[in-house]
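Subject: Structure handover

Hello,

Here is the structure for your files.

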Amino acid sequence: MTSARTGDALRDLASSTLDFYARFDYTPDPQSTITNFNEEVYELVEAALEGDKPHAAEECADVIVTALGVCFAQGLTVDEIIAAVYQVADKNDAKTHETHHLKDGKIRRWARKE
């Protein structure tokens, strides 16, 4: 059975993931979901390093699905995950050149002057 799409990509993916687990009578546990997540991250890195954009996009989706699995194994709900996504987006939106800078490929907070 496939979940109906609502237009909310994260909620739809979470619903699809839970349906997938139910179809296989699988209850996600922390260790196996973390193992699966690590495998998918490795496959995404490989695809990105090869410059294979379609494969990287597919692996990115797999990383998101397995990240959801890790969250579900921790007992998080999709609403809690979505709330956290918006919190991170709000934090990122608040960062400016005055508060942060690019260093070593990462946006970092400026060092505080004592």
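I begin with a helix contact: L10, L13, A14, T17, L18 and Y21 in α1 meet I64, V65, L68, G69 and F72 in α3, where contact means heavy atoms within 4.5 Å. By class, the contact of α1 with α3 comprises nine nonpolar residues, two polar ones and no charged ones. Ala, Val, Leu, Ile, Met, Phe, Trp, Tyr, Cys and Pro count as nonpolar, Asp, Glu, Lys and Arg as charged, and the others, Gly among them, as polar.

On provenance: this is a predicted model, in which local features need pLDDT of at least 70 and side-chain atom pairs count only at pLDDT 80 or more, while totals for chains, interfaces and linings use all residues. Residues are numbered from 1 along each chain as its sequence is written, and side-chain values use heavy atoms, with hydrogens and water left out. Helices (H or I, at least four residues) and strands (E, at least two) are DSSP runs, numbered from the N terminus.

Helix geometry

The axes of α1 and α3 cross at roughly 70° and come within 10 Å. Axes are lines fitted to C-alpha atoms, for helices over the stretch in contact, and angles run from 0 to 180 degrees between N-to-C directions. α1 and α3 are therefore roughly perpendicular to each other (angles under 35 degrees count as roughly parallel, over 145 as roughly antiparallel, 65 to 115 as roughly perpendicular and the rest as oblique). The crossing of α1 and α3 is right-handed, whereas that of α2 and α3 is left-handed. A crossing is left-handed if the near helix is turned anticlockwise from the far one by less than a right angle, and right-handed if clockwise.

Helix α2 (residues 30–50) packs against helix α3 (residues 53–73) at an angle of about 165°, with the axes 8 Å apart. α2 and α3 are therefore roughly antiparallel to each other. Residues in the contact of α2 with α3 divide into 13 nonpolar, five polar and four charged.

L44 belongs to helix α2. Not counting residues up to four places away in sequence, L44 touches A56, E59, C60 and V63. L44 is partly exposed, at 23% relative accessibility (buried means under 20% relative accessible area, exposed over 50%, partly exposed in between, with a 1.4 Å probe and protein chains only).

Aromatic residues

The structure holds three aromatic pairs. One of them, Y21 with Y26, is edge-to-face, at 5.1 Å centre to centre and 70° between the planes. Rings of Phe, Tyr and Trp (its six-membered ring) pair if their centres lie within 6.5 Å; planes under 30 degrees apart count as stacked, over 60 as edge-to-face and the rest as tilted. Y21 is buried, with a relative accessible area of 11%, and Y26 is partly exposed, at 29%. Ring pairs link F20, Y21, F24 and Y26 into a cluster.

D25, in the loop between α1 (9–23) and α2, has a positive phi of about 50° although it is not a glycine. D25 is exposed, with a relative accessible area of 72%. D104 lies in the loop between β1 (100–103) and β2 (106–109) and has a positive phi near 55°. D104 is exposed, at 66% relative accessible area.

H101 sits in strand β1 and counts as buried at 19% relative accessibility. Apart from its neighbours within four places in sequence, H101 is in contact with K106, I107, R108, R109 and W110.

Regards
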